[in-house]
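Please keep the sequence and the model in view while reading.

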Amino acid sequence: MTTAETAAGVLPEFADVPAAELRVAVLGVGLMGADHVARLHSRISGARVVAVSDAFREKAEQVAAAVPGCRVVDDPLAAIADPGVDAVLIATPGQFHEEQVLACIERGIPVLCEKPLTMTAESSLALVRAEDSHAARTGRRLVQVGFMRRFDPEYAQLRELIAGGEIGEPLVVHCAHRNASVPPHFTSEMMVTDSVVHEVDVARFLLDEEIAAVTVLRPKATRHAQPGRSDPLLVLFEMASGRIVDVECFVGTGVAYEVRTEVVAEDGSAMIGLDAGLVRQTRSATGAARSTAIAPDFRQRFGRAYDIELQRWVDAARRGTIDGPGVWDGYAASAVCTAGVEALRSGQRTEVRLAQR
Ligand code: ISE
């Protein structure tokens, strides 16, 4: 949504959009990228999407057509290099992130990269080093990673509660991460790198410390599981201080999107994710029942978080920087997921090897 657009009525040429308004290129317009384009266009102020890029040109054209003044750029690196682009949102498949994020750092423009930051801990670390050297020269950070849960009001409240000391020292965190369904190609490894990765960030965000080791257990699988997929998984994080976080990751419940987090501390406990919106009482053949609606997928459950994440990113990017989980958080998540996949395959407790900052 742009003031220039409504005030002028006529859209300026791509390269002439006033710099005060953030001109964003969105790379990758699949499910998440298209959602970000729509959100930037309709709900976020101070930014306009001026370019989109996707391996499927037709898809890019379809998304661009809904945003006045937005054009399709075939080569994502050309979009990053364009002087008419002030900031970049990356939602391409993970294997392209390293090159694209690096190009943003080299051009010195802010970038919001969807998870995973990159496909390996080594390549994520290379981005940490590249951004560190940019920050040493300019004092500004450029890379934000799309861990949107940090912007969810419930997670923010839970972190504040812990930090305020009201429930005492946290000891154990229980996380449930359930999807109604995932596509057939979604493997057990992807359950770790695509789903559990959010709990990795949540554990680090809530407890403010690194994960030292990971163990993955494979309970009895649901009869609905795709052949070869261990669903559910039970993942244990040992935090550096000795606290334990357990994650039940169940991606084929057939029910809804359920993400719950409970922190058990020395002087109390706290839970979020109950979807306790409207509670209905109804009568049925079997008697009276009480029910509340559950979000069908992450776009509904975390819609508010995405709004806040994008607005804060845009506000910060207009100042030439970021406001959210950074490149180190992306690297730490990659390192934990690398250990997680190793633990899944070996059945052994696996230590996380984190580099020195
Ligand atoms: C998906 O890729 C996401 O990022 C969602 O947030 C997550 O909950 C889901 O399990 C993933 O498949």
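A pocket here is an open set of grid points where a 1.4 Å probe fits, with protein on both sides within 12 Å along at least five of seven lines. A molecule sits in a pocket if more than half of its atoms lie within 2 Å of the pocket's grid points. The model is predicted. In it, the largest pocket is the space taken by the ligand.

**Ligand shell**

- Around the ligand are K115, M148, H177, N179, F186, D194, S195, H198, Y257 and F298.
- By residue class, the shell holds four nonpolar, four polar and two charged residues.
- Helix α8, residues 188–207, supplies three residues, the largest share of the shell.

**Polar contacts and cover**

- D194 has a polar side-chain atom 2.6 Å from an oxygen atom of the ligand.
- For K115, a polar side-chain atom lies 2.9 Å from a ligand oxygen atom.
- The side chain of N179 places an N or O atom 3.1 Å from an oxygen atom of the ligand.
- On its own the ligand has 300 Å² of accessible area, and the protein covers 89% of this.

**Sheet**

- An open sheet is built from six strands with parallel pairing, in the order β3-β2-β1-β4-β5-β6.
- Its edge strands, β3 (71–72) and β6 (143–145), each pair on one side only.
- Strand β2, residues 47–53, runs parallel to β3 and is joined to β3 by two bridges.
- Opposite R71 in β3 stands A51.

Methods. Residues are numbered from 1 along each chain as its sequence is written. This is a predicted model: local features need pLDDT of at least 70, side-chain atom pairs count only at pLDDT 80 or more; totals for chains, interfaces and linings use all residues. Side-chain values use heavy atoms; hydrogens and water are left out. A residue is near a molecule or strand if one of its heavy atoms lies within 4 Å of it. A polar contact is a pair of N or O atoms within 3.5 Å; within protein, one must be able to donate a hydrogen and the other to accept it, and residues adjacent in sequence count only if both atoms are side-chain atoms. Accessible areas come from the Shrake-Rupley method with a 1.4 Å probe; for residues, only the protein chains shown count as cover. On a 1 Å grid over the protein atoms alone, a cavity is a set of points where a 1.4 Å probe fits but cannot get out, and a pocket is an open set with protein on both sides within 12 Å along at least five of seven lines; lining residues have an atom within 4 Å of a point. Helices (H or I, at least four residues) and strands (E, at least two) are DSSP runs, numbered from the N terminus. Ala, Val, Leu, Ile, Met, Phe, Trp, Tyr, Cys and Pro count as nonpolar, Asp, Glu, Lys and Arg as charged, and the others, Gly among them, as polar. Two strands pair if DSSP finds at least two bridges between them.
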